[in-house]
Amino acid sequence: MSGVRFPGLTHPGIIGTAPSMELLNIWNERERELEKNGHQTLKLCEVLHSRPLANLPTTKGCLLGKIPVGTAGWETIAKEAARTIPGRENGGNCDIKNLSRGSKIYLPVFVEGANFSTGDMHFSQGDGEIAFCGAIEMSGFLELKCEIIRGGMKEYLTPMGPTPLHVNPIFEIGPVEPRFSEWLVFEGISVDESGRQHYLDASVAYKRAVLNAIDYLSKFGYSKEQVYLLLSCCPCEGRISGIVDSPNALATLAIPTAIFDQDIRPKIGKVPVGPRLVRKPDVLRCTYDGNLPTTKNPAASM
């Protein structure tokens with residue numbers, strides 16, 4: 001994107017442990033209930049619903065590692081194995097950009113051996129991965145160290161649900177992150193685009209903050225599609241800034257001003273457009289020919 005530069009904040013989108021059978025059943029039961037009744041019970045869906053409310057277990061497109069398709073038990077496993085789209089109690093696809101170099105994550109363990117796994121490497125991402133798969137995806141590898149805190153779940157994690165399994169991970173932000181001192185912050189409240197009031201819906205509020213940012217930055221020579229993708233991959237900061245003052249939740253999206261080659265702050269007079277900014281009708285056309293080198297893990301040969 002012309003006129004924009006920012007450092008990468010590499011991190012894995014997926015990092016977690018394996019669920020026990022009891023926890024897996026809890027996931028499937030609650031997500032199946034959501035898929036069945038969510039349209040009728042959740043007002044939020046009227047604003048944000050654009051794909052299935054949950055991705056339930058299915059044999060279609062299922063990958064089960066080394067278990068070959070058609071073998072005994074494959075179909076049974078495929079029909080109960082949770083899809084890894086969302087983050088859950090085990091961590092999983094949490095897409096937290098701050099889990100970068102030097103960070104620590106404390107994951108609950110539900111089965112013997114933990115079965116820790118990680119992947120979905122991102123070069124950079126903004127809070128919320130706004131465009132769904134809008135982070136800058138990359139090939140790569142992780143070097144990490146694992147330690148076990150015996151009895152850690154019982155000692156440190158208070159279940160927020162009906163069973164001891166209703167817990168969530170904790171993490172420490174690493175010391176290697178881009179640091180910015182000046183930000184332009186956009187607000188959003190839980191009132192949708194039709195003007196309808198929603199009660200303390202932080203998702204609606206964050207969506208409005210993002211839409212406000214997209215509209216604002218489009219006045220500086222960028223297309224709205226460009227800004228949409230930019231906010232999904234640049235190191236912007238999303239926050240729930242107010243959640244107690246009914247009926248409006250207040251969400252904010254902070255964008256570092258230093259990533260632009262022009263001053264994007266409001267001023268008296270007309271909006272100045274940076275000299276290097278050029279509108280191109282084919283800006284979203286992909287030119288990648290699939291010929292990039294494959295990244296290899298040097299530790300694998302040691």
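**Close-up 1. Lys 97, Asp 127 and Glu 237 form a linked network of salt bridges.** A salt bridge here is a side-chain nitrogen of Lys or Arg within 4 Å of a carboxyl oxygen of Asp or Glu, and by this rule the count comes to twelve. The structure is a predicted model, in which local features need pLDDT of at least 70 and side-chain atom pairs count only at pLDDT 80 or more, while totals for chains, interfaces and linings use all residues. Residues are numbered from 1 along each chain as its sequence is written, and side-chain values use heavy atoms, with hydrogens and water left out. Strands (E, at least two residues) are DSSP runs, numbered from the N terminus. Lys 97 has a relative accessibility of 2% and counts as buried; buried means under 20% relative accessible area, exposed over 50%, and partly exposed in between (1.4 Å probe, protein chains only).

**Close-up 2. Arg 265 and Asp 263 are joined by a salt bridge.** Their side chains meet at 2.9 Å, N to O. Arg 265 is partly exposed, with a relative accessible area of 44%, and Asp 263, at 31% relative accessibility, is likewise classed as partly exposed.

**Close-up 3. Lys 79 and Glu 75 are paired through their side chains.** The salt bridge between Lys 79 and Glu 75 spans 3.0 Å, N to O, and Glu 75 has a relative accessible area of 45%, which places this residue in the partly exposed class.

**Close-up 4. Glu 177 lies in the loop between strand 7 (170–172) and strand 8 (183–189).** With a relative accessibility of 16%, Glu 177 counts as buried. When residues up to four places away in sequence are not counted, Glu 177 touches Leu 9, Asn 98 and Ser 100, where contact means heavy atoms within 4.5 Å. The side chains of Glu 177 and Asn 98 are also joined by a polar contact of 2.9 Å, a term for a pair of N or O atoms within 3.5 Å; within protein, one must be able to donate a hydrogen and the other to accept it, and residues adjacent in sequence count only if both atoms are side-chain atoms.

Key:
Helices (H or I, at least four residues) and strands (E, at least two) are DSSP runs, numbered from the N terminus.
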